[in-house]
Amino acid sequence: MESRELPLKHQLPISKIEKYWKGLEEGKVYKTVCSCGREYYPPQADCSFCMKETEWVEIDGVGEVEAFTVVYSVPKGFEFARSYTIAIARFGNVKVMGWTEKVKVGDKVVLKTGKDESGVWKVYFEVI
Amino acid sequence: MRVGVVGVGCTKFGKRDITLQELAFEAVSEALKDANLTQDQVDLSVVGCVGTRSYELMPAVPVNEYCGFSGKGPIRVEAACATGSAAVYTAYTSIVSGVVDVAVAIGVEKMTEVETSVSLAVGGRAGNYLWEFHQYGTTFPAYYAMHATAHMARYKTTEKQMALCAVKAHRNAKNNPKAHFQREISVEDVLSSRYICYPLKLYDCSPISDGAAAVVLASEKVVKELNLDAIWIDGIGFSSDTSNMTKRDGFVGLKATVDAAKMAYKMAKINPSDLDLACVHDCFTIAEIMAYEDLGFCKKGEGGRFIEEGESDFGGKIPVNTFGGLKAKGHPLAATGIAMVYEVVKQLREEAEKLQVDLKNYKALTHNVGGTGHFCWIFIFSR
């Protein structure tokens, strides 16, 4: 027999990282940098080590793909996609996750931003 | 103070149409019987359960009650797929501290109560929800698949080498009555199975299984007083890594494994070559290849060749996952780490029947990873 249904849909608290999400809408991808020299991506408003507030810095330039996969067995919440490619690319001192087209390890990529079919903003890589 | 494993129990893994507590009871009753102890001789119960796929969201008390341990704890622990080992550690330290003499560690997981796409969405949250699953739909296979593409690019590791891990797992599981899949598969079966997350195919992935395992630990004092048969915990290592994949140094291994292994070898005062066998965390075939390297069984980048040359099979340099691995025995998250202890204890007691390894030093290792190296726990045992 079946259990009672328990729908879980959360409100995501993004007040401390709002600049990141607004940046995506403007085509920008931000990391945060602490005066101690540490850089954070995904960005965080606090430095985990020296406990200071970090500063927002845009990531640009050319990145290099270090790992990727093509997801064919799609999880709940991504039914709009038959498959999608996730990659991780290095941009200087930080690594960024993003969706991309056909890609291989070592490929050079640039950053784009956009919304998927479910309305979630994210990073896309364009292979150059 | 030394702590010994004095009783072990493990259910049959697979799709089990019984409740979480009924499943735990099967493992606990076997472990208590094996130890020749009763509930009133146990001081503390530690219940490991990830629990995110089951309807019983706070499972420790229902499990404890059904197993006859009400009043003895429980402590509930969670460390993703390494939950079982975290439960063993909690029981171990409770004894070493002198607070208790006998403790039971239970690992139980019901994974088949939700549909597969939900299970993938839960597993995909085993990193950092907001920055990974929410935006990019990472799944648990996807995390390891990214390690696979990095390993293939750096070391020329092949899909065929990964397939060999699955073939070995199934060949061993055929002789393990507790295994989810007791049938052999061929390299061709693996290579022709559908992609789940490139380059990982269906047969590169551990299945979705229900299962439970339990161990009874006792202080050396109690072992001697009651004249119990003990397998000793000689070494423990633990470590962890960032929740976000993007904050890792690289993707060709798991740093948490490397660090935990160093700690465990140092405490046990042994080298990898002193081990008679190992149980490693092969939730995906690439995970087994990386484990060979990260645990020091071979050099970095040589894991593919290690499986190809039979070094991890019976008669090889170190037999690995003679029980069928997570790949073919199954991977009911919280049960996994404790089920590894179960298999190692059976081996060190020379009770593993058709799967028995020839023992020289009577030393074995368990390697239990949570998430994708988000946690790692290693134990070294001796007889």
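Helices here are DSSP runs of H or I with at least four residues, strands are runs of E with at least two, and both are numbered from the N terminus. This is a predicted model, where local features need pLDDT of at least 70, side-chain atom pairs count only at pLDDT 80 or more, and totals for chains, interfaces and linings use all residues. Residues are numbered from 1 along each chain as its sequence is written, while chains are lettered from A and ligands numbered from 1 in the order in which they are written.

**Exercise 1.** Work out where Asn36(B) sits and what its phi looks like.

Solution. 
- Step one: look between α1 (20-35) and β2 (44-48) of chain B, and you'll find Asn36(B) in that loop.
- Step two: check the backbone; phi of Asn36(B) is near 60°, so a positive value in a residue other than glycine.
- Step three: count neighbours. A residue is buried with 20 or more other C-beta atoms within 10 Å of its own, exposed with 12 or fewer, and partly exposed in between, with C-beta atoms placed from the backbone. Asn36(B) has 14 inside 10 Å, so it's partly exposed.

**Exercise 2.** Find the omega of the peptide bond from Tyr41(A) to Pro42(A).

Solution. 
- Step one: Pro42(A) is in the loop between β2 (39-40) and β3 (55-58) of chain A.
- Step two: the bond is cis, with omega near -5°.
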